[in-house]
Amino acid sequence: TSAFAQARKISGKVVDAGDGVPVPGATVLVKGTTKGTATDPDGNYSIEANSGSTLVFSFVGYKSQEIVLGNQSILNVSLLTDAQALQEIVITGYQQLRKKDITGAVTIVNSDELKGVKSSSFIQNLAGRATGLTVSTSGSPGDATNVRIRGISSFTSNDPLYVIDGVPVLDKYQNTINPNDIETMQVLKDASAASIYGSRASNGVIVITTKQGKSGKAKLTYNGSIGFATAVKGYDKVLNTSSEYYAEAMRRKFGNDPTAVPAFAQTPGKLTTYIQPMANSVDLNTYDPLTNQISLTNQAGTNWWDEMTRIAQVHDHSINLSGGNEVSVFNVSASFLSQEGILNHTVFNRGTIRANSSHKIGKRLKIGENLMYAGNYGVGIGSSGGNNNEGGILGELIKATPVVPVYDINGGPGGHLTAQTGNFTNPTQRLIDNKNNNNTYRRLLGNIYAEFDIISGLKARTNFGSDLGNGWSRGFTYPQPYRVEGNKTANSFNENWNQNYSWNWTNTLQYNKAFGEHNVGVLVGQEAVASKGRSISGSLANFFVTDINAWYLQTALADPASRSVNSSGGESRLSSYFTKVDYSFNDKYILSATVRRDGSSRFLSDVRYGIFPAFSAGWRISQESFMQDLTWLSDLKLRASYGELGNQQLRDYNFASIYGGSVGSTFYDINGTNSSPSTGYALRSRGNAGTVWESSINKNIGFDASLFNNAINVVLDVYTRSTNNLLFNPQLPGTAGSSSPPFVNVGAMENKGFDLSISYRKKVNNDLGFNASVNLSHYKNTVKSVSGDNDFFYSDGSGGLNGRLPNGSISIINKVGYPISSFNGYVVDGLLKTEAEVAAQSGTGAAYIGGLKFKDINGDGKVNSDDITIIGNPHPKLTGGVNLAVNYKNFDLSAFVFGSLGNDIFTGYWIQSYFMNFNSNVLNDILEKEGTGNYPKINQLDASSRNSSSFYIQKGSYLRLNNLQLSYNLSNDLVKKLGMSNARVYVQGQNLLTITKYIGTDPAISNANIGNSGQYNDTSMGVDNGNYPSNKMVNVGVSLEF
Amino acid sequence: NSTLASNQNGVNSTLISAYKGLVGWTGNWNETAWGTAPSNWVFNIASDEFHKGSEPGDGDSQLAFELYQWNPSDGDIRSKWIATYEGVVRANSAINTANDYLKNNPADTKFVNSVIGQATFLRAYYHFEAYKVWKNAPYYLESDTDFKKANDKPMLPLIIADLEKAIGLLPANKESVGRADKTVATAYLGKAKLYNKDYAGALAAFNTVISSGKYKLSDCFYDNFSIEGDNNAESIFAVQNSVNDGDGDGGNSNFGERLALPHGDSPYGCCGFKTPSFDLAYSFKVDSKGLPISSKGVALSRLTNTSTDLVDPRLDYTIGRTNVPYLDWGVHKDSWVRGQGYMGWYSPKKNAHSKTASTLSGSWSGAQLSALNVELMRYSDVLLMAAECEVEAGSLEKAREYVNLIRKRAGNCAQGSSSPKVAMNAAEITWAKYNVGIYDAAWTNKDVARDAVRLERKLELATEGHRIFDLQRWGILEATISDYSVREAKLIPVLLQAQKPTAKNYAFPIPATEISRASGKLKQNDGY
């Protein structure tokens, strides 16, 4: 090697050794330096290097090649595809692993796949991308998302753990992250993959690695898009918009008592001129906006959905700067997203800043950090996602009748003081009143780490992470003279603030060494996690001025007697030790063992610690000599794993009984003052000192196969997950009173399923290539035990419309032998035709001829609550995704189709839209259907038919074109002229097409935020209580790289 | 709770929370507030006093009470169970805390006796509520820790024993207006013995209350239902409600009663439940002597403001009728009636607050929530119960004397247009011809006397939460409801679907959830 050697220019072309097709983006590096470059789209490169130095050519999916430079100035290289499977490095479980060494069930999602897809949270786009993962969310921007990995294992939280650059985060929103910042995501599905994360990993782990800087010249990228959204299907396609149609429904509803038909609908074909008051002539001088609104009848009919919605705009901009040298690399990004909701005046805005860098100090030490700040601002509609109750804005829409106009005669909100025209509150005005009721969330998330190479193969790492979240919201309720239940004259204002803080400190020591054909890796580590939260809320009423500038909790502004203030808080800690041993022989036999011990402050000291072991083994059978003749088989790895995972998602301080109280629950006005109750103290939560860790046993077998020179890849996993000692707080006998029951270990649950993915990749020639992949997932959830005494419990009312069913409280059941959240009710068997049938059904409430006939399940000749049975299952039998991509020259076309098969939906909102509860508006085909088939006659007095029954159960299967994208890469010459290194423009559509028999707005029902306190979502899934439909969206965007 | 037992304030605060149980609602959103209401109005839908009200589809499970189709899985029945035993749990907690306190403060027996006396009284009160509804329910003492306890022992002797124990400990006079004292507990002792058909024992207790001289009938019947009249001399025991007290939901107000107010463009806005029956209105008709006319077997019709029938002035304090002044809010209108005839045309009135009462600021139902007390036991109730005992003892004239006291008071005032309290013969009264007279003739027939006392009880205490339990203990539920239901159904067609009351309807069913949670120890009531 000559110190005096002259650096000179080397150029050449990198091609695929198999088909000679150029490999763009391949890295060319001068070994031992930071000097490097990448091949252009035609595979060409040029670099300056000395003779005698070594050039390293590498690219994902190929074996890297090292060539010592001689005197040549042109060096063409053919890269061999890596027949041993991909060499990708996966950062997972505190360590870096070669993907081929993974013996657990792991799906890697490349953020490129999600490029261009617009939503407020990256996880909303994961559906169908990773096998075994189901996602539910609503069209409401910024809304929470339920991600479920391999079904459901708990009655409490089933949210996966997110690990963002090493910081563990439990958060079902994940809307503070700019998707453009994400490099890769790994979904860890089985125990062997997840168990290293121990106690909080029982629902699976999603590991997110953000983009890091690379050495080389600084790179600036800009991604920007603008999009337009509407609902996949509006409520005006489901609900009637004609006044006369509604009037006819009213006449039929009151058919048995024509005098009870409201005045406006008395004469067929002729509505009264005024709807408020209901008459043909009204003294307009009596108009008063507060006490006597006067509204003309909307003779044609109000399309409330149309009045409430708009074409929503979505802007998304993000800019990223990265670069560095051999010593330091950095990556800085900033982004802004503004997503309007399709409902007027609703919006979700997010701004983020992210910065990270890493630095080598000397030869052995590396120090780095990640820091993210995000600010969210949102105006939503209060009740979120799929959980709409009758007082929510979508609940009002469902009740809203077409006869009522949007405006009264004076231009104010259309009003109606009698329930005769529907018990609803003008939803357009509700949206206007709501427009300044905003919430903000600010988050500072970051970590700092150091890595030290002690000796070759032995590395120490320490990582300190911190997550600070700050939420604030305010809401003002105006007087509502347009409210059916009287004028709510008192205004009120509430304001809430909360702060959550957690830190984690992780220290690991990792040793990797190859001894001949033996590869050994050992990881030992320790982790401490602490989190605490605090919130304060207050309200005040009767403000003298309602102006937004007076929205403060100051008693000088309102009625001091109405003041209400509360604060609460809690904290918890975890202390853990873990170790993992990996061993592989000749890349053929792979063994891995993990054990983690967690201590949680949520359990008393003698039962605080849980130990969670996991084992896995892999056998690369294709390496065996007897397989070598199978030339079509490129690679085949069999995998098996067994592991236990813990769960401690229960309330803090569960071990203790908590005394306390509040004005409304324990105080009493013993002195008869009418306004100054005396302090009372009572038991509010019962504790249980003996509660221990919930644990699940996970078994997984699977294989990874590559066929036909890696053209086809197949991954299959079959698993069972059995949860024991399931943490649950079953209601105590009522004789224990109303204090909250403790979490105890009573339940058991099982999930069985499989995940299959098949992909095919073909490069026809230099200009044309395509690939296709199919993901299929199936799980079967079975409740095994719910408490010592019972074999079932009903899901507590979600407060949704289904709660209006006469027996709504039993409509969702969790029963041993059935899946969680099964639908429960009568089985419909046609319509009642004879008085004898009516009499036999009297135990179900007032029944009438023409009403639903329910099956006498127990055959005792009477139909009553003993004949209620399980009537539906919200869990799909199969979910899957199909990805198709074609590239031709500079064009790329990709499509993604998602399907859900075999799930039932409980149409809770039909209590309004079919049975016209509170004279609500009706389905747009009710007149044609009622009284035929299994559709009961609409009859105001018929209480029996309104019961929970199979009438409400609809098939929820659907197939949806989730994403269709066409992009064009600007030609190299043009890009260079523009001073860029890469430029892409694209047009993309989301949810453009849905094929389903479901007649509601959207079969993709969100069950985020549903259930008791919005937490225990999975005990209330698949109920359509006025779902917020998903968005159909078209985006146009550019991606520029400088 | 050792901290709570360290001083008097801590002990007292556990007792306060036990009193709070009287409100029914204790902030458990898994319960229906309606089932917890201290007036038991949901259960009384099954009586002949009033209907569910509202409109079809609103409160279908409450419609089941109307139609005698209620079942063990009804949410209101479960809510009543939980609220009742929450009261028991809190009372027992107060007893335990007081005993803990006593260990460190052995000299402070006066305070401890008072607390334990009050808590023991409350424990008896809550178990009495359980008895009224279920007849067979478990009894929990402060030493009980197993919440799965059999309901195989007669409850009334245990209630009586607790009341007698409480009387021994309680102070002679109330330490504050909402608390119990010896006299309050004695009144309930009489009531418990009456339910136990120990007429002599009951009478002795009632006579103790009457002769104490601490209570008297208020001058005007309406005083018992106005905020100004809260805790007047007639009120023996009442739920002390409050609003604008720091709870934005109004959890200490008439929280469980708030559906029972006029709807539509009425000043309350919502919700049109608990609509009085045509039969109840008819029952207030009087003859030329001002004596009541039985409604048994008669055809019913709507009693309008143009009716020329003579009526007891208590009619328009009990029932809101269109074109008749509604307290101080102006006249009641048809538009205040929800469901427009579906459950009749009357509005409830006794639990409605006047303009002068302040209501909760804010909340969706603020205009419905007031601090108006819910009367649990009035002196007139004691007089009527005493009259029942006198009838059974054969002292018919004493019974007549008590009934006449009440009828005489009923004539002291009437709903007016200038004020809710005007003279019965005031010229401004154009919507009714009021008259109420006393029984002049001696009562000589025990059956006639018994019927007269029972009818007076129906009129005086109408819609206050007693009727269904009275019909049950008198054993006349089937006869009364069968007659009523057929006549009422002529005007309210949904009643045509009603089932006939049977023996099982003498008790409400133990909630299905409780049967299943008690490991087989709770026995369901017969017939369910």
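Author: What follows is a set of questions and answers on a predicted model.

Reader: How many helices and strands are there in chain A?
Author: Chain A is described here by its DSSP runs. The count for chain A is nine helices and 51 strands.

Reader: What is the radius of gyration of chain A?
Author: The C-alpha trace of chain A spans about 105 × 65 × 65 Å along its principal axes. For 1042 residues the globule rule gives 31 Å, and the value for chain A is close to this, so chain A is as compact as a globular protein of that length. The radius of gyration of chain A is 32 Å.

Reader: In what order do the four strands of the open sheet in chain A stand?
Author: The pairing in this sheet is antiparallel. β39 (792–794) and β44 (869–872) of chain A each have a single partner strand, so they stand at the edges, and one side of each is left without a neighbour in the sheet. Neighbouring strands are turned by 45° against each other on average, direction ignored. The order in chain A is β39-β40-β41-β44.

Reader: Which residue is the bridge partner of A:Phe792 in β40(A)?
Author: β39(A) and β40(A) (residues 812–815) run antiparallel and are joined by three bridges. The bridge partner of A:Phe792 in β40(A) is A:Lys815.

Reader: Which residue in β45(A) is the bridge partner of A:Gly769?
Author: β38(A) is also joined to β45(A) (residues 878–888), by 10 bridges, and these strands run antiparallel. The partner of A:Gly769 in β45(A) is A:Asn887.

Reader: Are α12(B) and α13(B) roughly parallel or roughly antiparallel?
Author: The axes of α12(B) (residues 379–393) and α13(B) (residues 396–410) come within 7 Å and cross at roughly 155°. Angles over 145 degrees count as roughly antiparallel. The two helices α12(B) and α13(B) are therefore roughly antiparallel.

Reader: What is the handedness of the crossing of α12(B) and α13(B), left-handed or right-handed?
Author: Residues of α12(B), including B:Leu383, B:Ala387 and B:Glu390, meet residues of α13(B), among them B:Leu396, B:Tyr402 and B:Arg409. By class, this contact has 11 nonpolar, one polar and three charged residues. The crossing of α12(B) and α13(B) is left-handed.

Methods. Residues are numbered from 1 along each chain as its sequence is written. Chains are lettered from A and ligands numbered from 1 in the order in which they are written. This is a predicted model: local features need pLDDT of at least 70, side-chain atom pairs count only at pLDDT 80 or more; totals for chains, interfaces and linings use all residues. Side-chain values use heavy atoms; hydrogens and water are left out. Two strands pair if DSSP finds at least two bridges between them. Axes are lines fitted to C-alpha atoms, for helices over the stretch in contact, and angles run from 0 to 180 degrees between N-to-C directions. Angles under 35 degrees count as roughly parallel, over 145 as roughly antiparallel, 65 to 115 as roughly perpendicular and the rest as oblique. A crossing is left-handed if the near helix is turned anticlockwise from the far one by less than a right angle, and right-handed if clockwise. Contact means heavy atoms within 4.5 Å. Ala, Val, Leu, Ile, Met, Phe, Trp, Tyr, Cys and Pro count as nonpolar, Asp, Glu, Lys and Arg as charged, and the others, Gly among them, as polar. The radius of gyration is taken over C-alpha atoms; the globule rule is 2.2 Å times the number of residues to the power 0.38.
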